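Reader: Please walk me through this model one question at a time. I would like each term spelled out when it comes up.

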Amino acid sequence: MNAPTDISMKTDDVLQVELEVFRRQHRDLDEAITALQDRGTSDQLTIQRLKKQKLILKDKIALIEDRLTPDIIA
């Protein structure tokens, strides 16, 4: 078990900060992908790598949001 990546060991405040950082990185990657695609002479391998990084960030964001959102039993 790797403590730095294990969200169960982090406080909500730390997770909130990480969530904002990951969201910003996700937006930045989205802008970079769009810029490369708009240029037209972009390297498809680079775009694929950026999209993969974006998906990884999306998964991390979803995991943290699930942890921060309280379970409500109806």
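Author: Gladly, and here is a term to begin with: contact means heavy atoms within 4.5 Å. Helices (H or I, at least four residues) and strands (E, at least two) are DSSP runs, numbered from the N terminus. The model is predicted, so local features need pLDDT of at least 70 and side-chain atom pairs count only at pLDDT 80 or more, while totals for chains, interfaces and linings use all residues. Residues are numbered from 1 along each chain as its sequence is written, and side-chain values use heavy atoms, with hydrogens and water left out.

Reader: How many helices and strands make up the secondary structure of the chain?

Author: Helix 1 covers 12–39, and helix 2 runs through residues 44–68. The count for the chain is two helices and zero strands.

Reader: What is the radius of gyration of the chain, and is it spread out or a compact globule?

Author: The C-alpha atoms fill a box of roughly 50 × 30 × 20 Å along the principal axes. The radius of gyration is taken over C-alpha atoms, and the globule rule is 2.2 Å times the number of residues to the power 0.38. For 74 residues that rule gives 11 Å, and the chain is well over this, so it is more spread out than a compact globule, with a radius of gyration of 16 Å.

Reader: How far apart are the end C-alpha atoms of helix 1?

Author: The expected span of a helix is 1.5 Å times one less than its number of residues. Helix 1 has 28 residues and should span 40 Å, and its end C-alpha atoms agree with that, because they are separated by 40 Å.

Reader: Which residues of helix 2 are buried?

Author: Buried means under 20% relative accessible area, exposed over 50%, and partly exposed in between (1.4 Å probe, protein chains only). What covers the buried residues of helix 2 includes helix 1, and helix 2 in turn is part of the cover over those of helix 1. In helix 2 the buried residues are Ile-47, Leu-50, Leu-57, Ile-61 and Ile-64.

Reader: Which residues does Ile-61 touch, not counting residues up to four places away in sequence?

Author: Ile-61 is one of the core residues and one of the buried residues of helix 2. With those sequence neighbours left out, Ile-61 touches Leu-19, Phe-22, Arg-23 and His-26.

Reader: Which side chain is joined to that of Lys-10 by a polar contact of 2.7 Å?

Author: Lys-10 lies in the segment before helix 1 and counts as buried because its relative accessibility is 16%. A polar contact is a pair of N or O atoms within 3.5 Å; within protein, one must be able to donate a hydrogen and the other to accept it, and residues adjacent in sequence count only if both atoms are side-chain atoms. Lys-10 has its 2.7 Å side-chain contact with Glu-18.

Reader: What distance separates the C-alpha atoms of Arg-67 and Ile-7?

Author: Arg-67 sits in helix 2 and is partly exposed, because its relative accessible area is 33%. Among the residues Arg-67 touches are Ile-7, Ser-8 and Lys-10. Although Arg-67 and Ile-7 are 60 residues apart along the chain, their C-alpha atoms are separated by 8.0 Å.

Reader: How far apart in space are Ile-73 and Gln-37, C-alpha to C-alpha?

Author: Ile-73 is found in the segment after helix 2, and it is exposed because its relative accessible area is 82%. Ile-73 and Gln-37 are 36 residues apart in sequence, and in space their C-alpha distance is 45 Å.

Technical notes. Core = buried A, V, L, I, M, F, W, Y, C linked by side-chain atoms within 4.5 Å.
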